[in-house]
Amino acid sequence: MSRQIEQALLSLMPAHGSDLPSSLVELASSLLAQSRHRASTLKAEEEVARQYACANIACDRLKITLNLPPIEPRPPVPPRIYKRLYTHLDNILPNPSSTPRSGRVRTPSSKKSGHDTPAESQTRALPSRGTPTKDTSLAQFRTPTKTRAGSASRPKEMQPQSSRDRVYPWIQPVVRYMCAESGHKKLAPTVLAGMEHILNPNGRPTQNEWVIQHVSDLVAATYFFVTMRVRAIMTGADIDREGYVPMRKEILALLLQGSQEVTVPDVGESEAWEGWKEVKSREFDAAVAKVNESDWLTGDWYQGIVDVIDSKTKADAVMSDSAQEAFEASLPTRRADAMLQERYNFLSESKKADYATWREAMLAKIAQAVPVESSMEVDTQ
């Protein structure tokens with residue numbers, strides 16, 4: 001009997017005494033063991049509440065049978081995360097009370113009689129459930145998007161009819177507008193690949209409700225992470241609060257301008273801007289935090305930015321000085337209102353020239369400060 005399970009049950013029912021029913025403790029322990037088999041991989045914040053959720057499910061399933069006092073959950077994780085975990089475990093963990101197993105129950109007459117009639121013998125010989133069909137056997141290997149219930153509950157705009165419709169129609173023209181206006185048009189495919197990765201993990205539309213409700217926020221956040229990744233590779237500089245605020249303001253302004261300037265071809269006006277909303281500063285911050293805590297940045301679309309920059313670096317080796325300066329000016333780090341100012345680029349040509357001038361001046365001052373060595377008189381006597 002697990003002491004931790006008992007503590008979880010007692011915290012769920014503060015009005016209950018310390019003497020817990022054995023059937024309740026056994027059910028909670030059984031559900032915990034089954035959850036480790038059926039849901040072996042949970043997120044870190046969900047794993048913390050696994051035991052508490054199993055105890056909660058056991059209380060809910062036996063509260064009528066055992067006449068339990070009011071259940072007052074106080075999960076160790078935020079309510080949004082706990083509700084998602086509870087629903088997931090409640091759906092995958094079997095509930096014996098809702099699945100009668102009449103095939104294994106024998107009537108008293110069958111125990112007393114020394115012989116069975118052919119009908120009774122044949123009835124007990126049959127399995128407790130029929131042979132599963134093909135669809136039933138394959139159901140456990142299918143994702144929720146394949147089921148009829150999942151398709152019905154998913155929003156209409158998240159049910160693509162082809163691979164081209166897997167993202168909202170406005171995302172591509174708005175992203176291209178943002179990249180073109182900021183002077184780094186070649187980053188648009190990377191930003192679009194990031195949105196495709198977030199909205200269609202493993203090639204299927206996402207079921208993450210937060211993602212569906214915050215697509216505009218994620219467009220701005222994805223653009224931010226791509227430009228910051230390029231800046232880090234090119235200069236090795238880290239982001240700070242002083243530079244983050246103007247960068248955020250610039251990105252949100254570009255996103256709003258894009259919604260006002262671009263047109264979505266081949267789509268009706270009502271469908272063209274589904275999922276769009278104006279993003280506020282705190283929503284942008286929340287999206288940046290969400291991307292940070294998720295595994296989206298581990299995808300090939302983000303890791304491949306290094307290869308893109310490396311290929312550009314090799315091409316830059318044969319560029320003329322004027323062309324190199326024009327390319328550097330097109331990067332987001334060279335904008336006047338961007339995070340990395342020219343004054344912090346100590347390896348630029350202007351900084352090198354300033355250093356050479358300063359060095360010559362300092363050497364001249366040092367030479368003037370050193371006194372002229374006087375000849376020493378040598379006593380020869």
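Is Arg 61 buried or exposed? I looked this up first. Arg 61 counts as buried, at 15% relative accessibility. The cut-off I used is under 20% for buried. I note that the model is predicted.

**Entry: the partner of Arg 61**

I checked which side chain Arg 61 meets. Its salt-bridge partner is Asp 90, at 3.1 Å from N to O. Arg 61 sits in helix H4 (residues 50-62) and Asp 90 in helix H5 (residues 79-92). I recorded this as a link between distant parts of the chain, 29 residues apart. Asp 90 is partly exposed, with a relative accessible area of 30%.

**Entry: other salt bridges**

I counted eleven salt bridges. Among them is the pair of Arg 74 and Glu 72, with the closest N and O atoms 3.2 Å apart. Arg 74 counts as exposed at 53% relative accessibility. Glu 72 counts as partly exposed at 36%.

I then turned to Asp 217 and Lys 277. Their closest N and O atoms are 3.7 Å apart, and they form a salt bridge. This pair also links distant parts of the chain, 60 residues apart. Asp 217 belongs to helix H13 (residues 215-235), while Lys 277 lies in the loop between helix H15 (269-272) and helix H16 (281-293). Asp 217 is buried, at 1% relative accessibility. Lys 277 is partly exposed, at 25%.

**Entry: aromatic pairs**

How many aromatic pairs are there? I count eleven. One of them is Trp 170 with Trp 273. Their ring centres are 6.2 Å apart and their planes stand at 20 degrees, so I logged the pair as stacked. Trp 170 is in the loop between helix H9 (148-153) and helix H10 (171-181), and Trp 273 is in the loop between H15 and H16. The two are 103 residues apart. Trp 170 is buried, at 0% relative accessibility.

Next I looked at Phe 224 and Tyr 244. This aromatic pair is edge-to-face, with 5.6 Å centre to centre and 90 degrees between the planes. Phe 224 lies in helix H13 and Tyr 244 in helix H14 (residues 241-261), so the pair ties together parts 20 residues apart in sequence. Both residues are buried. I find Phe 224 and Tyr 244 again in one aromatic cluster with Phe 225 and Phe 284.

**Entry: a charge over a ring**

Which residue lies over the face of Trp 210? I found Lys 290 there, at 5.5 Å from the ring centre.

Conventions:
Residues numbered from 1 in each chain as written. Predicted model: local features only at pLDDT ≥ 70, side-chain atom pairs only at ≥ 80, totals over all residues. Heavy atoms only, no water. Salt bridge = Lys/Arg side-chain N within 4 Å of Asp/Glu carboxyl O. Helix = DSSP H or I, 4+ residues; strand = E, 2+ residues; numbered from the N terminus. Buried < 20%, exposed > 50% of the residue type's maximum accessible area, 1.4 Å probe, protein only. Phe/Tyr/Trp six-rings, centres within 6.5 Å; stacked < 30°, edge-to-face > 60°. Lys NZ or Arg CZ within 6 Å of the ring centre and 35° of its normal.
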